[in-house]
Amino acid sequence: MNTKQKYEMLKEYISDLDNLIVAFSGGTDSTFLLKTAHGILGNKVIAVTAKSCSFPQRELNETTAFCEKENIHQIICYLEELNIEGFSRNPANRCYLCKKELFAKIWSVAKDNGIYNVSEASNIDDTKDYRPGLKAISEYGVKSPLRHVKLTKDEIRSLSKKLGLPTWNKQSFACLISRFPYGENITPQRLSVIDRAEQLLLDIGLRQVRVRHHGNLARIETDELGFNILMERNQREKVYKQFKEIGFTYVAIDIIGYRTGSMNETLPINTVKSLCKI
């Protein structure tokens with residue numbers, strides 16, 4: 001099945017729904033899903049965005065700007081992951097615990113607004129990685145339209161470009177908690193340090209970037225563009241100085257570069273298999 005056929009299937013799937021809430025993070029996938037759903041269902045679509053300490057303000061601002069531009073009703077719900085029992089210890093099923101709390105809140109918003117369909121924007125590629133949150137999505141009866149029609153990330157980017165969406169080539173983003181090794185205690189202060197470190201790198205021109213937190217060591221993952229920028233001595237010295245100021249002793253560049261879920265590489269394969277079951 002080609003991309004065009006999948007897109008037509010997606011529109012048919014959405015048109016069969018009377019109303020819909022889209023869990024909207026402002027990323028490439030959720031922006032594409034929200035735009036498509038709003039084009040079909042109009043004001044019967046609501047975007048719900050979670051505000052939390054692991055979601056940078058810059059990302060929240062982008063969701064608000066998009067909804068205002070597209071005249072889409074947006075509701076901000078407040079999610080404090082660190083208050084979830086056991087969550088701050090960063091267990092391997094952290095994403096599952098977070099998604100359970102998130103979708104419980106979104107379903108509450110749905111009921112308050114007379115909506116009985118809730119969706120999220122994972123794509124078919126997400127089933128190839130360790131994604132314990134997919135289990136919570138299944139348990140809560142949340143629809144996954146993009147996965148349902150088997151759209152890949154590349155196809156979503158291509159369709160987004162044709163729709164004129166500014167997020168068609170937006171860098172991938174994951175919550176800031178994913179920057180820490182499993183089992184390491186998470187605090188608002190540590191999340192703030194990561195947020196500031198990544199903003200510093202974005203400010204000098206890096207696009208795809210992660211700053212992984214290893215105690216007093218910051219491990220930078222980036223793409224080829226980022227490597228080229230960091231190969232300039234003055235940029236490296238600037239980054240080192242600023243990272244020292246925000247609390248790191250050592251700064252390293254990962255020679256493999258950016259890849260999703262690099263912290264999952266430390267998990268035993270049996271743990272991954274058991275937590276991926278949905």
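Which helices and strands each supply at least two residues of the lining of the largest cavity?

1. Basis. This is a predicted model, in which local features need pLDDT of at least 70 and side-chain atom pairs count only at pLDDT 80 or more, while totals for chains, interfaces and linings use all residues. Residues are numbered from 1 along each chain as its sequence is written, and side-chain values use heavy atoms, with hydrogens and water left out.

2. Cavity. The elements asked about are α3 (57-70), α8 (188-203) and β5 (209-214); helices (H or I, at least four residues) and strands (E, at least two) are DSSP runs, numbered from the N terminus. The whole structure contains 1 cavity of 30 Å³ or more. On a 1 Å grid over the protein atoms alone, a cavity is a set of points where a 1.4 Å probe fits but cannot get out, and lining residues have an atom within 4 Å of a point. The largest cavity holds about 80 Å³ of space. Its lining includes Arg-58, Glu-59, Glu-198, Leu-202, Val-209 and Arg-210. By class, 7 charged, 3 nonpolar and 2 polar residues make up this lining.

3. Strand β2. Thr-49 lies in strand β2 (residues 45-51). Thr-49 counts as buried because its relative accessibility is 1%, the cut-off being under 20% relative accessible area (1.4 Å probe, protein chains only). Beyond four places in sequence, Thr-49 touches residues including Phe-24, Phe-55, Leu-60 and Ile-76, contact meaning heavy atoms within 4.5 Å.

4. Helix α7. Glu-155, Ile-156, Arg-157, Leu-159 and Ser-160 are buried in α7 (residues 153-162). The buried residues of α7 pack against α1 (3-15), α2 (28-41) and α6 (145-148).

Methods
Buried means under 20% relative accessible area, exposed over 50%, partly exposed in between (1.4 Å probe, protein chains only). On a 1 Å grid over the protein atoms alone, a cavity is a set of points where a 1.4 Å probe fits but cannot get out, and a pocket is an open set with protein on both sides within 12 Å along at least five of seven lines; lining residues have an atom within 4 Å of a point. Grid points are joined across faces, edges and corners, and a volume is the space filled by probe spheres set on the points. Ala, Val, Leu, Ile, Met, Phe, Trp, Tyr, Cys and Pro count as nonpolar, Asp, Glu, Lys and Arg as charged, and the others, Gly among them, as polar.
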